[in-house]
Amino acid sequence: MHENDGVEQLLSWDECWGHIRRSRKGRIAWGYGPSIDVTPTSYLADGQTIYIPTDVSTRTVMTGTSPWVAFEIDGLGEDARWSVLVKGHTHQVVSQADDDVIDSLRSHPVRRGPLVRFVRLDPTEVTGWATFPDL
């Protein structure tokens, strides 16, 4: 940390989820074979579940042989910069309960289109930090 970077503080589980629920854009990373892809994405969050819109080919890779992913969001608040990292596994959305949740959250802007389907990210680890400027 540089002298003028400020004070770093770990975020609590609740603070991390607060940022996740308020934000709508993030980055998702997943691996297959020797490759790792990272892509920006919109998303929806409900409770402690994250729903990510995908196309057919991406959804197949993300929920296929290696469904483990990392998902990150960053932001700038009035008094701090923050970042949240979520690790977990993805599942294709196939249940009516998941579809109902997604429909209830659709007032938020997310990628739409005829081939867009959602995957559900079930977190196994959520961590975050904030940097507060020196006063």
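**View 1. Tyr43 and Phe71 as an aromatic pair.** Tyr43 has a relative accessibility of 0% and therefore counts as buried, a class defined as under 20% relative accessible area, with exposed over 50% and partly exposed in between (1.4 Å probe, protein chains only). Phe71, at 1% relative accessibility, likewise counts as buried. This is a predicted model, in which local features need pLDDT of at least 70 and side-chain atom pairs count only at pLDDT 80 or more, whereas totals for chains, interfaces and linings use all residues. Residues are numbered from 1 along each chain as its sequence is written, and side-chain values use heavy atoms, with hydrogens and water left out. Tyr43 and Phe71 form an edge-to-face aromatic pair, 4.9 Å centre to centre with 80° between the planes; rings of Phe, Tyr and Trp (its six-membered ring) pair if their centres lie within 6.5 Å, and planes under 30 degrees apart count as stacked, over 60 as edge-to-face and the rest as tilted. Because Tyr43 lies in the loop between strand 3 and strand 4 (44–46) and Phe71 in strand 6, the pair ties together parts that are 28 residues apart in sequence. Helices (H or I, at least four residues) and strands (E, at least two) are DSSP runs, numbered from the N terminus.

**View 2. The largest nonpolar core.** Of the 21 residues in this core, Ile20, Tyr43, Ile50, Ile52, Phe71, Val84 and Val86 touch the most other members; such a core is a set of buried Ala, Val, Leu, Ile, Met, Phe, Trp, Tyr and Cys residues joined through side-chain atoms within 4.5 Å. Among the elements that give two or more residues to this core are helix 1 (13–22), strand 6 (68–76) and strand 8 (117–132), and strand 8 gives the most, with four residues.

**View 3. Trp13 and Trp17 in helix 1.** The structure holds two aromatic pairs. The ring centres of Trp13 and Trp17 are 6.2 Å apart and their planes stand at 50°, so this pair is tilted. Because Trp13 and Trp17 are four residues apart in helix 1, they are separated by about one helical turn. Trp13 is partly exposed, with a relative accessible area of 37%, whereas Trp17, at 1% relative accessibility, counts as buried.

**View 4. Strand 2 and its pairing partners.** Strand 2 pairs with strand 3 (residues 35–42) in the antiparallel sense over eight bridges, where pairing requires that DSSP finds at least two bridges between two strands. Thr39 in strand 3 is the bridge partner of Ile28. Strand 2 also pairs with strand 6, in the antiparallel sense over four bridges, and Val69 in strand 6 is the bridge partner of Trp30.
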